[in-house]
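Good morning, and thank you for coming. I will take you through a few computed features, beginning with a single residue.

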There are 2 protein chains.
Amino acid sequence: YSRPASSSAAAKSRRMVSVRAEAVNPEIRKTEDKVVDSVVVTELAKPVTAYCRCWRSGTFPLCDGAHMKHNKATGDNVGPLLLKKQ
Amino acid sequence: YSRPASSSAAAKSRRMVSVRAEAVNPEIRKTEDKVVDSVVVTELAKPVTAYCRCWRSGTFPLCDGAHMKHNKATGDNVGPLLLKKQ
Ligand code: FES
Ligand code: FES
């Protein structure tokens, strides 16, 4: 077996896929055209509340720590937005 | 020319790539292990401030509307978190 030349169909396929833009959100509220959430900051209960930016949380729009598994699986470096009352 | 059978190297390559987990953040602060931002909500200046969750904003962690181009290019449905003072 020899590695396919870079002009092979397989290599072309890989190149094309690697530059294709990917969706960030695979599963959350896919019936909505655009998922926008609002927080009235005066209603925050805790000193610090973490909001998800990885789109993997089981408690979206809140962060449940799922970014850690996502980062480990993909080499990504995403994390939450922390809302602090002071 | 005939389309490669599904057991061809090219088809295997495509299948493997299509199920591989992808990073959400391609570019922002890649020297950081985990990108976490904090907002002290009492310091918010405007009635509504939009924070980015698509990782495409030129003003991250703020939203600059780049989610619209991302959604159009990928079929995704992501949008910002809106922080409202009341
Ligand atoms: S679970 Fe998504 S940022 Fe924490
Ligand atoms: S630019 Fe990222 S959510 Fe608007």
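B:N71 sits in helix 2 of chain B, residues 66-74; helices here are DSSP runs of H or I with at least four residues, numbered from the N terminus. This is a predicted model, in which local features need pLDDT of at least 70, side-chain atom pairs count only at pLDDT 80 or more, and totals for chains, interfaces and linings use all residues. Residues are numbered from 1 along each chain as its sequence is written, chains are lettered from A and ligands numbered from 1 in the order in which they are written, and side-chain values use heavy atoms, with hydrogens and water left out.

B:N71 has a relative accessible area of 11% and is therefore buried (under 20%, with a 1.4 Å probe and protein chains only). Leaving aside residues up to four places away in sequence, B:N71 touches A:K34, B:D76, B:N77 and B:V78, where contact means heavy atoms within 4.5 Å.

Turning to the rings, the whole structure contains two aromatic pairs over all chains. The ring centres of A:W55 and A:F60 are 4.6 Å apart with planes at 25°, so this pair is stacked (centres within 6.5 Å, planes under 30 degrees apart, with the six-membered ring used for Trp). A:W55 and A:F60 are both buried.

Finally, there is one cavity of 30 Å³ or more, a cavity being a set of points on a 1 Å grid where a 1.4 Å probe fits but cannot get out. The largest cavity has a volume of about 40 Å³, and its lining residues (an atom within 4 Å of a point) include A:C52, A:R53, A:D64 and A:H67.

Technical notes
Helices (H or I, at least four residues) and strands (E, at least two) are DSSP runs, numbered from the N terminus. Buried means under 20% relative accessible area, exposed over 50%, partly exposed in between (1.4 Å probe, protein chains only). Rings of Phe, Tyr and Trp (its six-membered ring) pair if their centres lie within 6.5 Å; planes under 30 degrees apart count as stacked, over 60 as edge-to-face and the rest as tilted. On a 1 Å grid over the protein atoms alone, a cavity is a set of points where a 1.4 Å probe fits but cannot get out, and a pocket is an open set with protein on both sides within 12 Å along at least five of seven lines; lining residues have an atom within 4 Å of a point. Grid points are joined across faces, edges and corners, and a volume is the space filled by probe spheres set on the points.
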